[in-house]
Amino acid sequence: MNSRLYELYKQHPIITTDSRNCPEGSIFMALKGASFDGNKFAQTALDKGCAYAVIDNPDYDKADGRHILVPDALVAYKELAREHRRQFDIPVIGITGTNGKTTTKELVSAVLAERYRVMHTEANYNNDVGVPKTLLRLAPEHQIAVVEMGASHPGDIKRLVDYVEPTCGLITNVGRAHLQGFGSFEGVMRTKGELYDYLRAHDGLTFVDAANPYLTKMVAERRLAPTETYSADAAKPAEVVGRVVSSAPFLCFEWQVRGQSTSHRVQSHLIGTYNITNMLAAIAVGLHFGVEASQISHALEAYVPSNNRSQLTVTAQNRLIVDAYNANPTSMRAALDNFAYMQVPHKMAILGDMRELGEASAEEHQHVVDHIAELGLTDVWLVGSEFAKTRCAYRKFADVEEVKEALAQHQPTDHYILIKGSNGIRLYELPALL
C-alpha cells in the first residue's frame with residue numbers, strides 16, 4: 001500500500017474515477033477500461049479541481065507533485081480501499097451468489113438499519129471498481145457494513161474478499177450463469193466458494209441456506225464453522241425456518257426461530273416465491289446481530305424494490321412483473337415457475353435472451369422454451385437472436401424495437417405480464433409502453 005496515497009486521502013477524502021465529475025480537492029484515479037484510458041484525462045481532472053491524479057503511465061507524469069505515479073492505478077485504488085476498510089473494527093458482511101445477491105443485500109441492510117447505522121453497497125456496484133468505491137464510503141458513524149460482490153470469471157471473488165476482508169458472509173445460491181467466463185457450473189461453484197474459503201481461513205461466520213444442496217455440500221467440504229442456517233423447507237433443519245402463505249401477486253410468508261412457538265407473518269412487496277430464501281437470509285443475519293423479531297418483520301414489509309428486480313408495476317392497462325435487469329437459466333426458471341404458480345388471469349410473458357452463456361447458450365435457451373411448454377404458458381414473446389434459434393411455436397422478435405412495433409399495433413390489456421431478460425436486450429424499455 002502506498003502510505004503517501006492514504007495520507008493524502010485522509011486530507012482529501014473524495015475519490016473520483018470520472019474526469020467529468022471532479023469535486024474541488026478530490027483525488028482522480030486514472031483507471032483503464034476496454035475503450036478508455038484514464039491517464040489521458042488526468043490533467044483535465046486537475047484543471048477541473050482535483051487536488052491530485054493517480055496515474056500508471058509515466059508518459060503523463062508532469063512531475064509537478066500533483067501527479068502520483070503508481071505501477072497500476074486499479075491496484076492502488078483497491079489497496080487504498082482496503083487500507084481504509086482496516087480503520088474500522090466493525091462487522092463486515094460479504095454477500096455473493098448467482099441470483100438474488102442485490103435483493104438480499106438490500107433486505108439485510110434494511111433489517112440491520114432497524115438497530116444500526118449501516119453502510120451498504122449502492123445499486124449493484126459489486127465489481128473491481130464498485131467494491132472499492134463502496135469501502136471508501138465507510139465513515140466513523142457506521143456500525144456495520146454490507147458489501148455485495150459479483151463475479152463472472154474464476155478468481156473474481158477471491159480478489160474482492162482480499163480487499164473487503166468480511167467478518168461474516170453468505171452465498172445466496174449458485175446457478176448456471178456467466179458460463180462463458182466460468183467455463184462450467186463447477187467453475188461457478190468454485191468461484192462463489194472463494195467467499196467460504198476466506199471465512200474459513202479467518203474464522204468468519206457463515207449464513208447458509210440449509211435447503212440448498214449445493215451450498216450445504218460446499219459448506220461440508222470446507223468443514224465450515226461457525227455457521228447459522230435458514231430454510232424454506234421444513235424437512236431441512238435450520239435455526240430460522242419459513243413457509244410461503246401466498247404469492248398473489250406479492251409474497252406473503254411466515255417465519256419462526258427453531259424451538260420457539262411464536263411465528264411471524266410478513267406481507268412483502270416482492271414478487272416471487274423464490275424470494276423467501278432472500279428474506280430468510282436477512283432474518284438470520286438480523287437475529288444474529290440482535291435485531292428484534294418485530295423490527296425484522298417491519299423492515300421486510302416496508303421494503304419496496306425499485307431496481308427492475310421482482311418488481312410489480314401497475315399501469316393503466318396491465319400489471320407488470322418486471323425482472324429485466326439480468327437473466328440466466330436458474331433465475332429464468334425460477335421466474336417462470338413462480339409466474340405459472342400465480343393464480344391470476346390473462347398471463348403473458350415477454351422474455352429476452354440470456355447473455356454470457358458461451359457454448360451452452362443454444363442448449364440453455366432450448367431448455368427454457370421446453371420448460372415454458374411444460375408449464376402450460378401460451379402467450380409468450382421471445383426476444384433476441386438466441387431465442388430465435390429455438391424450436392418452438394412462440395412468437396419471436398429480433399430485438400426490443402420489433403416488440404415495440406408489435407405493441408403499437410396490438411396493445412394487451414388486463415394482463416399480468418412477466419418481463420425478464422438480460423439487461424443488454426433492453427426489455428426495461430417496455431413497461432412505459434404497457
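**Briefing: Phe 207 and its surroundings**

Leaving out neighbours within four places in sequence, Phe 207 is in contact with Cys 168, Gly 169, Leu 170, Ile 171, Glu 228, Tyr 230, Ala 284, Val 285 and His 288, where contact means heavy atoms within 4.5 Å. The model is predicted, so local features need pLDDT of at least 70 and side-chain atom pairs count only at pLDDT 80 or more, while totals for chains, interfaces and linings use all residues. Residues are numbered from 1 along each chain as its sequence is written, and side-chain values use heavy atoms, with hydrogens and water left out.

**Phe 207**

- Phe 207 belongs to strand E9; helices (H or I, at least four residues) and strands (E, at least two) are DSSP runs, numbered from the N terminus.
- With a relative accessibility of 0%, Phe 207 counts as buried (buried is under 20% relative accessible area, exposed over 50%, and partly exposed in between, using a 1.4 Å probe and protein chains only).
- Phe 207 and Gly 242 are 35 residues apart along the chain, and their C-alpha atoms are separated by 15 Å.

**Asn 212**

- Asn 212 is located in the loop between strand E9 (205-209) and helix H9 (213-222).
- Asn 212 is buried, its relative accessible area being 11%.
- The side chain of Asn 212 reaches the backbone nitrogen of Leu 215 at 3.1 Å.
- Not counting residues up to four places away in sequence, Asn 212 touches Thr 172 and Asn 173.

**Helices H4 and H10**

- Helix H4 (residues 101-112) packs with helix H10 (residues 275-288) at an angle of about 35°, and their axes are 9 Å apart; axes are lines fitted to C-alpha atoms, for helices over the stretch in contact, and angles run from 0 to 180 degrees between N-to-C directions.
- From H4, Thr 103, Thr 104, Leu 107, Val 108, Val 111 and Leu 112 meet Asn 275, Asn 278, Met 279, Ala 281, Ala 282, Val 285 and Gly 286 of H10.
- The residues of this contact of H4 with H10 comprise eight nonpolar, five polar and no charged (Ala, Val, Leu, Ile, Met, Phe, Trp, Tyr, Cys and Pro count as nonpolar, Asp, Glu, Lys and Arg as charged, and the others, Gly among them, as polar).

**Cysteines**

- The structure holds zero disulfides, a disulfide being a pair of cysteine sulfur atoms within 2.5 Å.
- Cys 50 is in no disulfide, and the nearest cysteine sulfur, that of Cys 22, is 3.8 Å away.
- Cys 50 is buried at 3% relative accessibility, whereas Cys 392 is partly exposed, with a relative accessible area of 26%.

Conventions: Polar contact = N/O pair within 3.5 Å; in protein donor to acceptor, adjacent residues only side chain to side chain.
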